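I opened this entry to note what I looked up, going from the whole chain to a few local features.

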Amino acid sequence: MNLIRGSLENPIARVMVTLAFVGLGVLAFTHLAIDLFPEVSYPVATVVIEYTGASPADIETTVTRPIEKVVSRITNVRFVSSYSREGISVVVIEFTWGTNLDAAAIDIQQNVNQILDRLPAETKQPVIVKFDPSQVSVITLAIAGSLDPWKLRELAEDFVAPRLETLPGVAAANVFGGQVREIQVEVDRARLKGAGLALDQVLHAVRTGNLDAPGGNLKAGTRDYSVRTIGRPLEVQHLQELVIGHRGGVPVRIRDIGRVRDGFEETQTAVTVNAGTGLILGVQKQPGSNTVAVVDAILRELPRIRQDLPPGITLEVVSDQSTFIRRAIRTLQMEAILGSFLAIGIILVFLRNLRSTAIIALSIPISITTTFVLMYFNRMTLNIMTLGGLALGVGRLVDDSIVVLENISRRLEAGEDPRTASERVAAVLFWQLALTVGLALLASLFESLTLVPILTAKFLRPQRTAEGPGWLRNLFARSETAFTRLDAGYQGLLAWALARRWKVLGGTAAALALSLAMIPLIGTEFFPPSDEGEFGITVRLPAGTRLEETAKVVTAIEALALEEVPELRSMFARVGSGRGRSAIFSGRAAGPHTGFMRIRLVPLAERHRSADEIMEALRPRLPRVPGGSVTMVTGGLVSRLITFGAEEPIVVEIQGYDLATGSRLAAEVASLLRGIRGVADVQVSREEGLPELLVTVDHQRLAALGLTASQVAATVQTAIGGYEASLYVDPVTGREHNVLVRLQEPDRQEITDLSQITLTSDGRQIPLSNVAQVLRQTSPTQIERKYQQRVVRVVANTAGRDLGSIAAEIEAGLARLEKPKDFIVRLAGARVEQAEAFRNLALALLLAVALVYMVLASQYRSLLHPFIIMFSVPLGVIGVIWALLLTGTTLSVISFIGVIMMVGIVVSNAILLVDTMNLRRREGVPLQAAILQAGRARLRPILMTSLTTILGLLPMALALGEGAEANAPLAIAVIGGLAVSTLLTLVFIPVLYALFERRRVRPAS
């Protein structure tokens, strides 16, 4: 009351405060960052160590496990996971919320440095990156042009990627495709043997002959000269003149036992863009950085990069995760605007007064702009949650003003002057309502208590006749007639219900029981699926398949996509996983037998099929690969966020050490999943059958011949895989290129070539077959670990069925599965997050109900009347259940939040009724008459506030725009709960009030 009176006594000051908030809100809105979700990613750092040529099992034992042990001791580590692939170890450390990632990276580096001397000497220096390689690139660029493939890659690595990585928020720009220049020293085995030399001598010659070295300083006279020894040749072919040794006093040069070739690394990755050759850059953002801000910075830099590119080189965007975010935000903005107009329209129909409607309509922009100020200072972003909250609140923002204005209008009609009417609002009624709505509507509350009284005192007058154009006056007249009939009908219904109290109570209880019985028919899921306008296709052929064979399958799928998907906007494909650091971005599968495609669709408004429908149409047409699989990957950034980095929502983890047992259990689980309706794209993460040749040494023979296992390993590595002996520095570009020494290709094409590798000891040449056996076997392509235990995952997508129902069947099946005592089989992924979220939300719902009751009990100074009011909550639950059931909407985290928000909304109607009944009773009106009078007085305000909320949420519930699917369940839950609760509250709460009041008054009498 003091706030209202103060506003009326100093209206200019209050108006200036409002204008200041509006101005600050507009300024804050222009500076609010845009993102899809609030920051939900844990701080993640990754340790990458290369160990060229080592098998997954060797990598796990010698590199991965020691790294896991030391990083697990770091403070605030949530968990550590890893995978060991051929030639590379990747250890991912996930920290708890709020961890400073820069400080954590220093801790990781210090701990890893402590064990470097225990790692194999052949391992490269560990690389620590502050992001999770499994995350989707926020933007993917394609580079094409007339340059040679290796020059194009050098341009991307040396010029484009560094320019992008200097931008704020960018973690890495990874290049895929093209060729990598390499200087190759190819040794002819027969000529080397004929010269009586060994491969290690060739290595030594290249390593010691191809270098520049400092020579100190020479002080001569008055000058101080820096001395350098120059040994690096200016031309590649000059390397052929390096002397390896001598035979009969004659020097043996490299050209005598082989040749030096300016060539390329063996192709590990092939990339196509829109079915044509090209090269792609995947850009990843740092944890905690804003997706749209990062992409905007990249898009601003691209024109400047293009200006500096050579003629004929193009740099284009083929995938942009911010596009979906922008469209989703734009959709929510339009939903909020449309909802505002619908809410204002219903107010105009009820009040039949243009001035009153205009005063209330001001609540929406003022409250929203004030909210922007609070969002800005709380470092919040414009995302689908915050904007969804604003869109949800559009109908509620005017409720406070409606209550204030309805009281003022009623007193004006009673003959009071505008200023007195503006001061005599029932303060207790208003504050009770405001406290139940909560702090989320604080801005609306302040505006309704300050600006609305000022405007009503200045402009509002009793309206005896309708004003406005003819059609509007006609509408007002018709609505008045309808409202009069509605009042009369409601009075009759209420009198009938009061005469049949027990029947009304019994019927309502039966409706609630029936609704609760319907809950199992409503599916559950963690998060409603969204049409992100893109999807992926993963190809996995039998392990050991050559890159060229995998490329044929991927090319066939590209042709199929071009033919069957007219909605296709862009497409890129990657065959193989590359080598070194680029291999960590290849997803779950790695190796030349794997491939991946990402298809980007035109906007939703330009196509008639959803992304899921396109996938379902394409899935049966995908090629069937014996011993392999071709599967779909849904969505993009949203899907990865809601599955916490996983590509699929269904994940079953099998923990245990023994590889054979783990693989057997994985096969059983995969069979179980394939038998469940709604499960698609079942895959086992551990791929078996990687062909290996084991060189098993005889230690006794080695000792007798003066050799060691280390010498054998080094010679085999050099002969077959090659050894990076030195670096060649291009005198023109200054770029360094590896100088690789190994046998020429004809000498390493057959398995028998291994046995013909020669070792040297004391000048003697010893065939490898004399000291070792070559055995064949197969092994996994990679070994995954989590919590320092081996793990194999069985993953799958959902298709046409909710996750909750599928997960329940999976859990029942897993309970029947026989498991060895040292193995753990559990359902993980989105299901675990869903269960935890539902538990927390259920607790939040109970706390919300308890908090509302405690607030009302404190205000009413009674335990009975708040108890009556709280019965509006189960009435709302009836509406929520049937709304979800009839619309085919699942119970997700989003719809659950809608249930919680409904609690605060539906009690407001019951508060209005009960408070007015109490007021009439205090005035001495008999119980029956007090209930009927209160119902008649509060019917229109209740209908007005409920309809404004329902119509304000209707655009969101219809989910007409791109990205609107995310918040639609929330709107549907609130609309259903509020609609049914409003209708039942108008009858049930008065009946319940009458029943309790009669029992309370009777003992007192």
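**Whole chain**

I began with contacts between residues at least 6 apart in sequence: 80% of them join residues at least 24 apart. The model is a predicted one. I noted an average pLDDT of 81 for the protein, with 86% of the residues scoring at least 70. I then looked up the secondary structure and found 33 helices and 31 strands. Of the 1005 residues, 54% are buried. The accessible surface comes to about 43,700 Å², and carbon and sulfur atoms account for 58% of that surface.

I checked where pLDDT stays under 50 and noted residues 419-440. For this stretch the model has 53 contacts beyond four places in sequence.

**Helix 23**

I turned to helix 23, which covers residues 659-674 and has 16 residues. From its first C-alpha to its last, helix 23 reaches 22 Å, close to the 22 Å expected at 1.5 Å a residue. Which residues of helix 23 are buried? I listed T661, G662, L665, A666, V669, A670 and L673. Among the elements covering these buried residues I found strand 21 (650-655), strand 22 (679-684), strand 30 (789-798), helix 27 (803-816) and strand 31 (824-829).

**Surface patch**

I looked up a nonpolar patch on the surface, formed by L338, L342, L954, L958 and L960. Together these residues have about 460 Å² of accessible area. Helix 10 (321-351) and helix 32 (927-958) each give two or more residues to the patch. Is L338 buried or partly exposed? Its relative accessible area is 44%, so I recorded L338 as partly exposed.

Conventions: Residues are numbered from 1 along each chain as its sequence is written. This is a predicted model: local features need pLDDT of at least 70, side-chain atom pairs count only at pLDDT 80 or more; totals for chains, interfaces and linings use all residues. Side-chain values use heavy atoms; hydrogens and water are left out. pLDDT is the predictor's confidence in each residue, from 0 to 100. Contact means heavy atoms within 4.5 Å. Patches are made of residues with over 30% relative accessible area and no salt bridge: like charges are joined within 9 Å, nonpolar side chains (Val, Leu, Ile, Met, Phe, Trp, Tyr) within 5 Å. Accessible areas come from the Shrake-Rupley method with a 1.4 Å probe; for residues, only the protein chains shown count as cover. A salt bridge is a side-chain nitrogen of Lys or Arg within 4 Å of a carboxyl oxygen of Asp or Glu. Helices (H or I, at least four residues) and strands (E, at least two) are DSSP runs, numbered from the N terminus. Buried means under 20% relative accessible area, exposed over 50%, partly exposed in between (1.4 Å probe, protein chains only). The expected span of a helix is 1.5 Å times one less than its number of residues.
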